[in-house]
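Here is a short briefing for a first look at this structure. Keep the sequence and the 3D view open while you read.

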Amino acid sequence: MKSKVSCYYGPSPGHSSMATLRAGSVFLPRGAMAASRSIRCFSSESPSVIRVAAIAGSLRKASFNQGLVRAAIEVSKDIPGLEVEHVKIDRLPFVNTDLEADGRFPDAVEEFRAQILKADSILFASPEYNYSMSGVLKNAIDWASRSPNCWADKPAAIMSAGGMFGGGRSQYHLRQTGVFLDLHFINKPELFVKAFESPAKFDADGNLIHEDTRERVKSLLLALQTWTRRIQ
Ligand SMILES: Cc1cc2nc3c(=O)[nH]c(=O)nc-3n(C[C@H](O)[C@H](O)[C@H](O)COP(=O)(O)O)c2cc1C
């Protein structure tokens, strides 16, 4: 698809010449374009489909958080212009910069990084481990953060299923990590699924069976779609 692109180099926002900016233009400090491969410019046309990379921070078979990702994929089929793909993290080795050789990462890491780079936005399903995100999720985030940072400027949303707070504390740590990575999280709606309280939310295989929660997954996806279009 052809699209018109316009970037702006000049004084900082607040400077009087900002008045000359067209709506939708992007302010870039001088030299920023050369310094970063992640900066996107204004496009006059929205892409037809937003591709969301969904990542679950749990590897167990009957994981509730993987169940949330499956539900998001199912629900997305009813949302025009949105595609959700489950990007798996179970083959990633532990982060070890000794594994980076001749400017290459291990094959599984290269593949993961490519999937993140091509995504328009990110959906995290983040279990809470000891008041934080899981180690496997942090490991995946760390691999894709190696230069050039694959997360930069990606719109993102978080959902979580877990104990009393529904995984909420993992979400706050994830948001904190996202500050450094230039991830742009939506604030609302929040989705914390209290997996161990009745009524049951998941079956024995970790499939989401709770209609109300499915609706909330849909609301989250719609908000992420809107936010992604705004950022683009
Ligand atoms: C190492 C570990 C630490 C955990 N820490 C917490 C915790 O701090 N708070 C909480 O609510 N649940 C905690 N849990 C419970 C998980 O949230 C729960 O097992 C959840 O189902 C994990 O997500 P999953 O179903 O996607 O695997 C912990 C589980 C594990 C394995």
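**An exposed loop residue**

Asparagine 130 counts as exposed, because it has 9 C-beta neighbours inside 10 Å. This residue lies in the loop between strand 6 and helix 4. The model is predicted, so confidence gets its own group below.

**Overall build**

- The chain contains six helices and nine strands.
- It has 232 residues, and 33% of them count as buried.
- Among contacts with a separation of 6 or more, 75% are between residues 24 or more positions apart.

**Confidence**

- Mean pLDDT for the chain is 85, with 80% of its residues at 70 or more.
- Strand 6 (residues 121-125) has the highest confidence, at 99.
- Strand 1 (residues 5-9) has the lowest, at a mean of 31.
- Over residues 1-44, pLDDT stays under 50.
- The model has 43 contacts beyond four places in sequence for residues 1-44.
- Where pLDDT is low, the predicted coordinates should not be read in detail.

**Around the ligand**

- The ligand is surrounded by 16 residues.
- The closest are Ser58, Asn65, Pro127, Gly162 and Gly163.
- Helix 2 (64-76) supplies at least two residues of this shell, and so does strand 7 (155-162).
- By type, the shell has eight nonpolar, six polar and two charged residues.

**Helix 3**

- Helix 3 covers residues 107-118, which makes 12 residues.
- From first C-alpha to last, helix 3 reaches 17 Å, close to the 16 Å expected at 1.5 Å a residue.
- Val109, Phe112 and Ile116 are buried in helix 3.
- Seen down the axis of helix 3, the buried residues fall within an arc of 65 degrees, so they line one face of the helix.
- That buried set packs against strand 4 (50-56) and helix 4 (135-145).
- Asp107, Glu110 and Lys118 are exposed on the other side of helix 3.

**Isoleucine 122**

- Isoleucine 122 sits in strand 6.
- Is isoleucine 122 buried or exposed? It counts as buried, because 26 C-beta neighbours lie inside 10 Å.
- Leaving out residues up to four places away in sequence, isoleucine 122 touches Ala53, Ile55, Lys154, Ala156 and Leu183.
- Isoleucine 122 and arginine 51 are 71 residues apart along the chain, yet their C-alpha atoms are separated by 8.6 Å.

**Backbone details**

- Which peptide bond is cis, with omega near 5 degrees? The bond from lysine 188 to proline 189 is.
- Proline 189 belongs to the loop between strand 8 (184-185) and strand 9 (192-194).
- Serine 198 and proline 199 are also joined by a cis peptide bond, with omega about 5 degrees.
- Proline 199 is found in the loop between strand 9 and helix 6 (211-231).
- Aspartate 182 is not a glycine, although its phi is positive, at about 65 degrees.
- The loop between helix 5 (168-181) and strand 8 holds aspartate 182.
- Aspartate 182 counts as partly exposed, because it has 15 C-beta neighbours inside 10 Å.

Note on methods: Residues are numbered from 1 along each chain as its sequence is written. This is a predicted model: local features need pLDDT of at least 70, side-chain atom pairs count only at pLDDT 80 or more; totals for chains, interfaces and linings use all residues. A residue is near a molecule or strand if its C-beta atom, placed from the backbone, lies within 6 Å of it. Helices (H or I, at least four residues) and strands (E, at least two) are DSSP runs, numbered from the N terminus. Ala, Val, Leu, Ile, Met, Phe, Trp, Tyr, Cys and Pro count as nonpolar, Asp, Glu, Lys and Arg as charged, and the others, Gly among them, as polar. The expected span of a helix is 1.5 Å times one less than its number of residues. A residue is buried if 20 or more other C-beta atoms lie within 10 Å of its own, exposed if 12 or fewer, and partly exposed in between; C-beta atoms are placed from the backbone. The arc is that of the directions from the helix axis to the C-beta atoms. Two residues are in contact if their C-beta atoms, placed from the backbone, lie within 7 Å. pLDDT is the predictor's confidence in each residue, from 0 to 100.
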